[in-house]
Structures are given as C-alpha cells and as structure tokens.
Amino acid sequence: MTAGRLLRQAMTASRGNTAVALAGAIGHQAGEAFVPVAVGYAIDRGIAAGDLGQLTVWLVAIVATFVLLSSSYLVHARAAAKASTAAELALRMRVARHLLDPRGSVPSPHGAGGLATISTVDVTATSYINFASYLAASGFGGLVVAIVLLFTLSPFLGVFVTLGAVLVVAATQLLAFPLERRMVEESAYAAEAADTAADLLRGLPVLKGLSAEPAAARRFHGVSRAALRATLRSARSSALVRSTTVATTGVFVTAIALLGGGMVLRGELGIGALVASLGLAQFLVGPLMQLSETSAFVAECRAAARRVAGVLQQTPPEFSDHRLREVHGEVCLEITADAMPGTGAAEVLARADQLTGIVAAQPVVAAMSAALTGETRHEGVAARLDGVSLSAIAVEDLRRAMLVQALNSSLFPGTLADNIAAAAHDPAAVTDAVSAAAVDSVTTELPAGEDTLVGESGHLLSGGQRQRVVLARALAARAPVLVLHDPTSAVDTITEARIAERLRRLRQGTTTVLFTTSPTLLAACDRVVKVGAAGAVFGSHSDLVADPEYARLVLR
C-alpha cells in the first residue's frame, strides 16, 4: 500500500458523485469566464451599435449564464460533500479494521496518541484529495475556457495568456515540493506531541505520587515546542507558495490589461472587447490561484496519506485456517519451551480440571506470553491447544477459545459497568465476574458506583481498582481457556486472598493459567509449575517453597 494508491482510492470511493462534482465545478468556472465576454458583446453589438435586439439577446445570455453557474455550484457542492464523506468513511473503516484485526499487529513506532492522530486527522486530510481534484479541475477548466474566449477576441492575447499561465503554474509547482516535505515533518512532530500527552495522562497518578509534575511538564513543553516549530516552518512554506502566486498572478493580469489597452488605442480591439479582456484577466486570478492552491493542497494530502499508508503497510501475523472443534470447557493448553539462558527445556500442561500457576523469570514469562498470542515466533517457545499449534488455528476460533489477559491491559473510556461487560455474552457472567474480582467493593467506594467514568485507560481509578476491573472484564468473557498475568499485583493482601478463593471457584471445569509470583494466588492453585534452570518442576506452592530458585522468585 502506497500513498499514491491511497489517494487514488479516495478519489474513486464514490465515482458517480466525484464525476458530478467535477462537472459542476467546471460548469461553474466556465459560466464565470463567459460573464465578462457576454458583457463585452452587449456593449459592442448592442450599445455601441445601437441594436436593441442584440442588447436584449446578450442581457438574456448574461442572466442565463448566472443561472447556469449558480446551479452548477449547488450541484458541485452537494456531490463533492458526498464523495469526500464516502472517501473518508471508507478509509477510516479500513484503518479501524486494520488496527482491530483479530490476528493482532506488529509493534508500531507510533504510540496510542500517534495512531489516534493518524486514524482521525490524517485520514480526514487524505480524503481531502477530492477537494484538491475539484480545485484542479475547475481551475484548469476555467483557464481553458478563458483562453479560448480570449482567442476569439484576440489571438495575440490568447497566446500571451497561455504562455503566462504555464509559467505561473510551473513556478508554484516548484515551490510545492519542499512544502510536502515540511508537511510530513509537521505531522510527525504533532503525533509525537499527542503520544507524549497520552503517556502523561495515563501516568498522571504515578507522576503525582513521585512529585514529578515539573519534569513531565518540561518534557511536554519541549515536544510541543518542536511541534510548533515544525508547524511554523510548514506554514511559512505554504504562505510562500500562496504569496508568490498572488504576486505573479497580479503582474500577469496587469500585463494583460496593458496589452489590451494598447490594442484599443491602436484600433485593434473595441471597447466591449477590452472590457471582456480585462474581465477575463481579472477572472484568471481565480483559476490560477486554484491551481497553485492545488499544489499546496496535494502536498498536505500526500503527507497525510504517507502516514496512513505506513500504518496499513504493517502486515498482521499469518494464521492458518484449521478449525477447532466446538470449544466448551474441556480444553488442554500445552506450552513447550526450549532451553533459554539460565533455563532448561520445559513442557507445561494446563488441564481443565486444574488452576495452574506458572512461576518463571521475567524473560521466560515474556516469551511464553508471546507464544500464547498464536503468532509465529522464533523464541524457542511453542504453544498448542488440544495438540494443535496455536499458529495453525484459524484466528477466529483461537480468539473464541482462549483469552490472554496481558499484565498492563487498559480500560476503555466510559463507565466501569461498560468496561466489565465489553466481552460478556450473558448478564449473569458479569454479576459473577464482579463478585469474583471483588469489584463490588470498588463500586461502593465510587460516587456513581458502576456508572462511574473510568477515564482514558482507566486513569481516574487507582491502580488496585483498575486491576480488579480488568480482571472482572476477563472473567466475564467466560473463555474456555483463560491466561492471566499477575492479576492482583496492585491489590491489598486481604482482597487478594478473597479474589484467589472466588477465582478458583468461578473457573472450575475450565482451563485457567496464572503467570504470577504472588504466594496468595499460588497457594490457591491446584498445580504450580516452576520453569527454571532444571526445566519444569511441578508441585504445589507449599512443596516448591523449599526450592531456593522458586523461593527467590516468590518470596522476595
């Protein structure tokens, strides 16, 4: 996917409306170009010749021309709005589907703020290529009509205007190339500023706890100043393009007026023809300005399209099309790890009748977690569901069968209740999940209860409250296979013990895996697996505490 292809697709998203909009734009400009010519003919053939009939004919022609150009503009405006809206909607949905692809996505160089900017501001800017095409078509159409009319009045003026118009357009095109580069730079700095703002918002409670607000403010000030400088550079380039066009067009129109006046004095043109020539010269300012603005407009659209294309070029991981049998609760999850630094080869088996805890060093946990996404990786870790490799399962079946709750999962803006019910299919599941995750005690602490707004990424909640809501959301999905990463690391000990007991009871008969070093959670597990130097060692929490390596990871 390239920026050029995106722009072409935006222009053809609604071909019918685009064609009507182009025709309307050209008709409007043609009508405006004909007005001074009709006035000139009314003077020469009606007033100067004393012919009332000709005067009447040309006055009617002037009225008809205004009706035509007004109707054309109305048709153009309606069709242009429809075409642009269709292009923006199609591209916005395409970006959304790409970002929400169930196969996941590769790590993006853009943070949450950057992706939000691309999927909104840049998508809208890309769709504006339709307006750029209307500017170009109407400007070029008006220019051609004006030149043809000038040729009918004076071939010499027609040739002069044609050559001058080419030079003006060429000059503005040359100035537009650096403008596009600065537009890309401006978008990159704006996205970085948005990323920084999003990071600060998510980490605001931590920053307040560390009294680090001044340092955070200095960081954001530096990023925003860089974005401002990039915006000013882009604005200066854009202003240079437009001011140069205004200046060159003014000189051009003045030259046409001088030439036409000289031809009148020599008797080569009539008064009406001079009026028409001057009117056309003044009219040409519009088409030439439109053609120059098209250059700046296209530069902005291309800069936005390049950023959108960069996101769409990030190909999701490949999955096979193997379909799982109907998945209920009786599912076996197997994780196999080759020897990694400081760790022997290990094989972990999680069955439906057991709550399984896994204890390992952080790099090993990260590798196992990565394998559980189903993506094909080369980190020495493989995962299978009922004997079938995760990467060989159709992604829809895999996501339906297994839910992996990451350690730093975020909440969505909205209410606490909406977040918990996001993946639930049964109201009873929400009630059970709220109780199991001890969210019922959270709702009593909040002024609006379950209708309390959680804010961006849940930043309006405390760490422990946010973690319990995230756990409740995962439990409410009632996934046959559930993998949790340290679900209670920010919860107090008493609440954690209550959660451990309820979690064990709620997940009976299903496959549940806990990556954790919490003694409270591990004590509630039916089976604990330590993955370390000797490979996989199995037992209960009380049995494995005697293992020095296990004790070092758990009892620190």
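Trp58 is buried, at a relative accessible area of 13%. Buried means under 20% relative accessible area, exposed over 50%, and partly exposed in between, with a 1.4 Å probe and protein chains only. The model is predicted: local features need pLDDT of at least 70, side-chain atom pairs count only at pLDDT 80 or more, and totals for chains, interfaces and linings use all residues. Residues are numbered from 1 along each chain as its sequence is written, and side-chain values use heavy atoms, with hydrogens and water left out.

**Aromatic pairs**

- The structure holds four aromatic pairs. Rings of Phe, Tyr and Trp (its six-membered ring) pair if their centres lie within 6.5 Å; planes under 30 degrees apart count as stacked, over 60 as edge-to-face and the rest as tilted.
- Phe34 and Trp58 form a tilted pair, because their ring centres are 6.5 Å apart and their planes stand at 40 degrees.
- Helices (H or I, at least four residues) and strands (E, at least two) are DSSP runs, numbered from the N terminus.
- Phe34 is partly exposed, at 27% relative accessibility.
- Ring pairs join Phe34, Tyr41 and Trp58 into a cluster.

**Ser72 in helix 3**

- Ser72 also lies in helix 3, which covers residues 52-99.
- Ser72 counts as buried, because its relative accessibility is 12%.
- Leaving out residues up to four places away in sequence, Ser72 touches Gly24, Gly27 and His28. Contact means heavy atoms within 4.5 Å.

**Salt bridges**

- The whole structure has 11 salt bridges. Each is a side-chain nitrogen of Lys or Arg within 4 Å of a carboxyl oxygen of Asp or Glu.
- Arg307 and Asp122 form one of them, at 2.9 Å from N to O. Arg307 sits in helix 9 (residues 271-312) and Asp122 in helix 4 (residues 112-127), 185 residues apart. Both Arg307 and Asp122 are buried.
- Arg384 pairs with Glu334 at 3.0 Å, N to O. The bridge connects strand 4 (residues 381-385), which holds Arg384, to strand 1 (residues 333-337), which holds Glu334. Arg384 is partly exposed at 23% relative accessible area, whereas Glu334 is buried at 15%.
- Glu549 bridges to Lys530, with the closest N and O atoms 3.0 Å apart. Glu549 is in helix 19 (residues 548-554) and Lys530 in strand 9 (residues 527-532), 19 residues apart. Lys530 is buried, at 2% relative accessibility.
- Asp426, Asp432 and Arg478 belong to one network, built from salt bridges that share partners.

**Helix 16**

- Helix 16 (residues 493-506) has 14 residues and spans 20 Å from first C-alpha to last, close to the 20 Å expected at 1.5 Å a residue. The expected span is 1.5 Å times one less than the number of residues.
- Its buried residues include Thr495, Glu496, Ile499, Ala500 and Leu503.
- Asp492 caps the N-terminal end of helix 16, with a side-chain oxygen 3.2 Å from the backbone nitrogen of Ile494.

Note on methods
Polar contact = N/O pair within 3.5 Å; in protein donor to acceptor, adjacent residues only side chain to side chain.
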